[in-house]
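Here is a short briefing on one protein chain. Look over the sequence and the model before reading on.

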Amino acid sequence: MANLTGKKILLGITGSIAAYKAAFLVRLLIKSGAEVQALMTKAGAEFISPLTLSTLTKRPVHTDIIAGESWNNHVEMGLWADAMVVAPLTASSLAKMAQGISDNIITATYLSARCPVFFAPAMDLDMWCHPATRENVRRLQSYGNLLIPVGHGELASGLVGEGRMAEPEEIVAHLHHFWEKQQSLAGRKVLITAGPTYEPIDPVRFVGNRSSGKMGVALADAAARRGAEVTLVLGPSRLSPRDARVQVLPVQTAEEMLQAAEKAYPGADIGILAAAVADYRPREAAARKIKKTGDVLKLELIKNPDIAATLGQRKKTGQLLVGFALETDNELANAQSKLEKKNFDLIVLNSLQDQGAGFNYDTNKITIIGKGNKIRDFELKSKPAVAEDILDEVEVLLKNKPE
Ligand code: C5P
């Protein structure tokens, strides 16, 4: 039985037939030591009685933002909780959460909640497969919310397929696993490089690339959530980590990135190099803005330092190094050769040929390659979810690595 002792959980129940399972879910949560505050939409309360839930939770159940003369303080509840779980989550409530529409007690509390939010969708097969639903799920994941995947089987409509709410036991197992994992990198130091580099041509122009820094920032947040001490060397990016514990070192050029990374890596247990470093830079940056004169302007570019290869050479026993590869041709072979050449322990390949993967997208589709030709393909996922997959693989290596 999972141990959730002392955890304060907000349980949101929306209007699906799977709502009848909420009673079992509450019992399991309470048996595992959690405190549960149930919230229901009006449709949810049609499927299971608030009296059943208030008896089980020993707390009044809230079904509306306004209760008689007073209001149910969704802001306070959002701050009280260690986690919010919306189970079952209908297609309609999912869409509201994705859009930030706060017209009922669950969606209003959702917007106020600072805690991790889990969502367990429940709907019919075709609703689940609809592109609008797929997009809404991805949206919630891009906000950092955690999907509890639907099950496959008989649906209330009589159809058979995907869309059933996960069983209460699985939902509790998810929560348990989440808190267990939370400290899985405690005491570990992680260095992450992210974003592009900008190599100056003159005071106003630069050579750069389209990297947004999303993947690296998601990795930094995920590692911090697992208890690691994270240093993020971040090239020019509009993004910054949500987790205030991440130490951000902003840099502009590859040389600055190298300097910051070289300083941090000797003390780190893990280096994850997600930056898209410019391979070349202008030989000289003009001190003043270059004027438009001739028809042709020749830029001479010289090679930048390879940060990954430099750290790879200096890697000590017990340290891990993870690189990225973005390839357009001979993807697997190129990534494998980079793994060797740069002395990585893992390389994360994302292909420009996959729809929705790579620069600037909120999603990514990766293959993780380890030594000895170990290859694992992953589905298209939000970047925060991809970050969790990468860290899971890193942790497997960490466990088997000599100290
Ligand atoms: O650019 P390339 O495909 O070689 O990048 C592979 C890996 O090496 C990535 O992890 C990237 O962050 C890293 N790299 C680096 N310094 C460079 C070029 C790439 O750290 N100058």
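The points below cover the sheet, the cores, a helix pair and some local features.

This is a predicted model. A nonpolar core of 34 residues, the largest one, comes next. A second, separate core has 33 residues.

- Strand 10 and strand 15 run parallel and are joined by four bridges. In this pair, Val 190 stands opposite Ile 270 of strand 15.
- Strand 15 and strand 18 also run parallel, again with four bridges. Here Ile 272 faces Val 322 of strand 18 as its opposite residue.
- Strand 18 pairs with strand 19 over six bridges, in the parallel sense. Ala 325 has Leu 349 in strand 19 as its bridge partner.
- Is strand 18 enclosed or open to the outside? Seven of its eight residues are buried, so strand 18 is largely enclosed by the rest of the structure.

**The largest nonpolar core**

- Within this core of 34 residues, the most contacts belong to Ile 192, Leu 219, Val 230, Leu 232, Ile 272, Phe 324 and Ile 390.
- Several elements each supply at least two residues. The strands are strand 10 (189-194), strand 13 (229-234), strand 15 (270-273), strand 18 (320-327), strand 19 (346-351) and strand 21 (366-370). The helices are helix 10 (214-225) and helix 14 (383-400).
- Which element gives the largest share of this core? Helix 10 does, with eight residues.
- Leaving aside residues up to four places away in sequence, Ile 192 touches Gly 216, Leu 219, Ala 220, Val 230, Thr 231, Leu 232, Val 233 and Ile 272.

**The second core**

- Among the 33 residues of this separate core are Val 26, Ile 148, Ile 171 and Trp 179.

**Helix 1 against helix 3**

- The axes of helix 1 (residues 22-31) and helix 3 (residues 50-57) come within 10 Å. They cross at roughly 5 degrees.
- Helix 1 is therefore roughly parallel to helix 3, as the angle is under 35 degrees.
- Helix 1 makes the contact through Ala 22, Ala 23, Val 26, Arg 27 and Ile 30. Helix 3 contributes Thr 52, Leu 53, Leu 56 and Thr 57.
- By class, six residues of this contact are nonpolar, two are polar and one is charged.
- Val 26 of helix 1 takes part in this contact and is also included in the second core.

**A buried aspartate**

- Asp 243 lies in the loop between strand 13 and strand 14.
- Is Asp 243 buried or exposed? Its relative accessibility is 15%, so Asp 243 counts as buried; the cut-off is under 20%.
- Asp 243 touches Asp 221, Ala 224 and Arg 225, with residues up to four places away in sequence not counted.

**Backbone features**

- The peptide bond from Ala 87 to Pro 88 is cis, and its omega is near 0 degrees. Pro 88 belongs to strand 5 (residues 83-89).
- Asn 330 has a phi near 40 degrees, which is positive in a residue other than glycine. It sits in the loop between strand 18 and helix 13 (331-341). Asn 330 counts as exposed because its relative accessibility is 59%, and exposed begins over 50%.
- Asn 373 has a positive phi as well, near 60 degrees, and is likewise a residue other than glycine. Its loop joins strand 21 and strand 22. With a relative accessible area of 53%, Asn 373 is exposed.

Note on methods. Residues are numbered from 1 along each chain as its sequence is written. This is a predicted model: local features need pLDDT of at least 70, side-chain atom pairs count only at pLDDT 80 or more; totals for chains, interfaces and linings use all residues. Side-chain values use heavy atoms; hydrogens and water are left out. A nonpolar core is a set of buried Ala, Val, Leu, Ile, Met, Phe, Trp, Tyr and Cys residues joined through side-chain atoms within 4.5 Å. Buried means under 20% relative accessible area, exposed over 50%, partly exposed in between (1.4 Å probe, protein chains only). Contact means heavy atoms within 4.5 Å. Axes are lines fitted to C-alpha atoms, for helices over the stretch in contact, and angles run from 0 to 180 degrees between N-to-C directions. Angles under 35 degrees count as roughly parallel, over 145 as roughly antiparallel, 65 to 115 as roughly perpendicular and the rest as oblique. Ala, Val, Leu, Ile, Met, Phe, Trp, Tyr, Cys and Pro count as nonpolar, Asp, Glu, Lys and Arg as charged, and the others, Gly among them, as polar. Two strands pair if DSSP finds at least two bridges between them.
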